[in-house]
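Dear colleague,

Please find the structure below, handed over with notes on what was found in it.

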Amino acid sequence: MTTKPAIQTFSLSKRYGRIQALDDLNLTVHSGDVFGFLGPNGAGKTTTIRLLLDLIRPTRGQAEVLGLDSRRDSLAIRRRTGYLAGDVALYQQMTGRGLLSLLDDMRGGGLLPRGHELAERLELDLSPHISSYSSGMKQKLAFIAALMPGAELLILDEPTKGLDPLVQLEVYAILKEEQQRGCTVFFSSHILPEVERLCNRVGIVREGRLVAAEDVESIRHKRVRLLTVSFSRPVPAAALRMEGVELRSLDGNRAELAVHGHVPDLLQRLAELPVEDFVFPEATLEDTFMRLYSEDSAR
Amino acid sequence: MSVHLLRTYVTFHRFTALAWMLGLAFYAFFVAVLYRSFAEAGIEELWESYPEALRAAVGLDPEAPLAVSGRFAVESWLTTEFLAWMPVLISLYGVVYGAGAIAREAEQHTLDLVLSQPVARYRLVVSKSLVFLLSAAALVVTAGVALQAGVAAAGESVDTAHLYLALFQGVLVGLAVAGYAVAFSSAFLSVGRAAAAAGLLTVILYVLEIVSRTVDGAEWVGNATLFHFYQADHILRTGGLSWTGVGVCSAVAVGGVALAAVLFQRRDIPA
């Protein structure tokens, strides 16, 4: 049996006047994925999210969310989706409790216990007026509002923006629980360690184009590790040149190497050289991300 | 319409609506209670000295006598001092409210919050518009009560049904203005631009109406304005509504809201 992808876009494009905000995006997010959507400001992450929710309309192409057409079936999609906007804007004149109550009413009721439970976990007092909330408190409330319906799909635009590290950890825990109950999570982020921690798949978007969409594990295999080696005496640059190794710098007895390839071959080569010390940290998604980016920019 | 949204927006708007109700009630009572002083001072002579066109411009019925029992008629007094201006005031309220109805939410970025819920866009437009309808109904009631109290305090009386019919037709003008202001609000998603467009259109309509009543040969121009069908003095004295006016104003109000819903459905919501 095949299940429909939670999100699928077909040549999705959006143009604002002369600016191509999104260009020919073909993206698939499978049901049950926690999908991290990465890219710098203005890359097209928020545009994609707003197209999926029918807040804006595509110039070309189309999107399916939960197997439904994002435009024609927008209401049905929103009934089954929780959304957190990138720039949280709430009704200032309401209390936190009042806002959750309104959203509960709009979805047919019965969701408030879940909202209150989440507020307790995130230590958010729902009694004050939203106008008196700090930006972090507003972010928490918007996060609760998105998760309160227990939706099949969560679309979160930078969910941990403005949250302190302890609250971020709680948010990660909640998102893990959501994934365990079968929810698909699609979220945009700048924070690579966050994506690495939470996601099983990641998409990278740049200047409105999808640069890569892969499993996090597969991207890790493409990782670039930075090796810093100290020698007891100067070595010639030629001794450090080999396939899969890029000599970033050679300064006296110290060399910096970007390692893309097979590590044992490099270790064999180093064993022939007067190595005094070396630092070889675990590759982060950030290194890989930056490499993917620089490769794409060079094209 | 969404009942939950309507309830929420009524709550948001309650203090503004209350301020308009109190302000209008105070003005209505003040005007009514001063009637006797001005009537006894022979104000009808002043009005009789004005050109007929000017008297018509403020809504006085050219067929009805200015003085009754030797005194300026209370209906004429209420018309010249309150009822003639009430549609203008409600129109101002309609421009301000209508222009902000959708555009203010767009500017404050709160549309995402509502439109990410399972709510059709037209429901938001209708809910916002109904808030103004409810406010306008409350204004009719409070202004009516205040006028009656003021007239009673002055030792006079007016026909209650006629009074409320006059207020009703006056408020309909404001509803029509609010209707097209909501349409501008949806079209521009900018409070400033929507208010400018709706305000300018209203001023043009009002000036055309004055021209049609004061310039010989320009009477036909009045048919193109919302204010033309409102003859407060005539309604107060006879209870005779202008059904054409009721139809035109209702159509503009409903048409404006419907247009707003269609335009809003097509718009990208700004991030």
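**Findings**

Seven of the eight residues of helix α1 (residues 45–52) of chain A are buried, so α1(A) is largely enclosed by the rest of the structure. Buried means under 20% relative accessible area, with exposed over 50% and partly exposed in between (1.4 Å probe, protein chains only). Helices are DSSP runs of H or I with at least four residues, strands are runs of E with at least two, and both are numbered from the N terminus. The buried residues of α1(A) are K45(A), T47(A), T48(A), I49(A), R50(A), L51(A) and L52(A). Just after α1(A), D54(A) has a positive phi of about 65°.

This is a predicted model, in which local features need pLDDT of at least 70 and side-chain atom pairs count only at pLDDT 80 or more, while totals for chains, interfaces and linings use all residues; side-chain values use heavy atoms, without hydrogens or water. Residues are numbered from 1 along each chain as its sequence is written, and chains are lettered from A and ligands numbered from 1 in the order in which they are written.

Chain A as a whole has 10 helices and 14 strands. Of its 299 residues, 50% count as buried. Its C-alpha atoms fill a box of roughly 75 × 45 × 45 Å along the principal axes.

In chain B, helix α6 (residues 86–107) and helix α10 (residues 191–214) have axes that come within 8 Å and cross at roughly 160°. That makes α6(B) roughly antiparallel to α10(B) (angles over 145 degrees; under 35 is roughly parallel, 65 to 115 roughly perpendicular, the rest oblique). Axes are lines fitted to C-alpha atoms, for helices over the stretch in contact, and angles run from 0 to 180 degrees between N-to-C directions. By class, this contact of α6(B) with α10(B) has nine nonpolar, five polar and two charged residues (Ala, Val, Leu, Ile, Met, Phe, Trp, Tyr, Cys and Pro are nonpolar, Asp, Glu, Lys and Arg charged, the others, Gly among them, polar).

Helix α5 (residues 74–83) of chain B packs on α8(B) at about 135°, with the axes 13 Å apart. That makes α5(B) oblique to α8(B). V74(B), L78(B), F82(B) and L83(B) of α5(B) meet A143(B), L147(B) and V151(B) of α8(B), where contact means heavy atoms within 4.5 Å.

The buried residues of α12(B) include G245(B), C249(B) and F264(B). They pack against α6, α7 (111–115), α8 (121–153) and α9 (160–188) of chain B.

Regards
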